[in-house]
Amino acid sequence: MLNFRFWMTMRWWLLLLVFDMAHAQLDIAHLTGNLYVYTTYHDLGGEKPYPANGTYLVTDQGVALIDAPWDSSQAQPLLDSIQKKHGKKVLLCIATHFHADRTGSFDYLQSKGVKTYSSKQTLELCRKYNEQQAQYTFSKDTVFIIGGRKIETFYPGPGHTQDNIVVWFENEKVLHGGCFVKSTDTDNLGNLADADVRQWPKSIRRTLAKFPNPSYVIPGHEGWQSNQGLQHTARLLTAHLKP
């Protein structure tokens with residue numbers, strides 16, 4: 001009997017440990033108004049797990065998520081945390097490009113009734129590279145209205161990838177740049193495997209012209225407290241392209 005009780009106690013503590021570890025891989029911070037930044041982490045073989053930033057907007061109708069967590073194990077803690085914090089369900093998720101740090105839990109989100117969206121260009125690249133695919137696509141810059149709130153997608157041109165888009169939250173004056181924008185906390189351009197570094201500066205200029213005075217610019221990775229991510233990325237590209 002003692003062995004049985006000991007095993008059941010240990011099993012309970014192990015389950016709690018796994019639960020806590022899953023939630024420890026998720027950070028949520030209030031940004032401004034009804035807009036929040038969430039960060040999940042993934043082991044890329046470095047000294048510590050690498051962070052990826054997404055955003056979500058809370059509306060009377062429900063929650064709009066920009067970029068999905070890395071994988072399905074992180075998606076449910078995010079959905080649970082949003083439900084507990086705001087009493088709202090996530091209605092839709094928009095990916096800003098085809099890499100797994102933006103689309104890696106699309107299948108899981110879809111299984112939970114979350115509508116997933118990407119550009120048609122992103123869908124084609126997801127098919128090509130066997131990444132998870134959105135249910136719905138758009139072929140040009142698109143405005144989503146959810147709970148009376150406006151969310152605008154914008155394709156600036158090639159940069160981190162051929163398909164990268166940015167997302168503008170009009171009421172909050174916040175630009176979700178995704179991996180098109182580098183954090184001011186970093187001094188390198190990160191993963192350039194699918195990048196077009198020669199077109200990227202032009203794409204940044206188009207974005208600055210379209211959204212000249214954002215309150216925040218949320219990069220795909222690392223610190224997000226600055227509104228100077230586009231300018232910082234341009235400087236990194238200038239240094240990278242210097243002969």
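Colleague: Which residue in S11 stands opposite valine 167?
Modeller: In this predicted model, valine 167 faces histidine 176 of S11.

Colleague: How many bridges join S10 to S11, and do the strands run parallel or antiparallel?
Modeller: There are 3 bridges between strand S10 (residues 166-169) and strand S11 (residues 174-178), and the two run antiparallel.

Colleague: What is the strand order in the sheet they belong to?
Modeller: The order is S8-S9-S10-S11-S12. These 5 strands form an open sheet with mixed pairing.

Colleague: Which strands stand at the edges?
Modeller: Strand S8 (143-146) and strand S12 (216-219) do. Each has a single partner strand, so one side of each is left without a neighbour in the sheet. From one strand to the next, the twist averages 20 degrees.

Colleague: How is S8 joined to S9?
Modeller: The two strands run antiparallel and are joined by 4 bridges.

Colleague: Is S9 mostly covered or mostly exposed?
Modeller: S9 is mostly covered, with 5 of its 6 residues buried. Helix H6 (residues 200-210) lies across strand S9 (149-154), S10 and S11. The helix runs at about 155 degrees to S9.

Colleague: Turning to that helix, at what angle do the axes of H6 and H7 cross?
Modeller: The axes of H6 and helix H7 (residues 229-241) cross at roughly 160 degrees and come within 10 Å. That makes the two helices roughly antiparallel.

Colleague: Is the crossing left-handed or right-handed?
Modeller: The crossing of H6 and H7 is left-handed.

Colleague: Which residues make the contact?
Modeller: From H6, the contact is made by Trp200, Pro201, Ile204, Thr207 and Leu208. H7 contributes Leu230, Gln231, Thr233, Ala234, Leu237 and Leu241.

Colleague: Where in the chain do tryptophan 168 and phenylalanine 211 lie?
Modeller: Tryptophan 168 is in strand S10, whereas phenylalanine 211 is in the loop between H6 and S12. The pair links distant parts of the chain, as the residues are 43 residues apart.

Colleague: Why does phenylalanine 211 count as buried?
Modeller: Phenylalanine 211 counts as buried because its relative accessibility is 4%, and the cut-off for buried is under 20%. Tryptophan 168 is buried too, with a relative accessible area of 9%.

Colleague: Which residues do ring pairs link into a cluster?
Modeller: Tyr117, Tyr136, Phe138 and Phe144 are linked in this way.

Colleague: Finally, the whole chain: how many helices and strands does it have?
Modeller: The secondary structure comes to 7 helices and 12 strands. Of the 243 residues, 47% count as buried.

Colleague: And what share of the contacts between residues at least 6 apart in sequence join residues at least 24 apart?
Modeller: That share is 61%.

Conventions
Residues numbered from 1 in each chain as written. Predicted model: local features only at pLDDT ≥ 70, side-chain atom pairs only at ≥ 80, totals over all residues. Heavy atoms only, no water. Pairing = 2+ DSSP bridges. Axes fitted to C-alpha atoms, helices over the stretch in contact; angles between N-to-C directions. Contact = heavy atoms within 4.5 Å. Buried < 20%, exposed > 50% of the residue type's maximum accessible area, 1.4 Å probe, protein only. Phe/Tyr/Trp six-rings, centres within 6.5 Å; stacked < 30°, edge-to-face > 60°. Parallel < 35°, antiparallel > 145°, perpendicular 65-115°, else oblique. Left-handed = near helix turned anticlockwise from the far one by under 90°.
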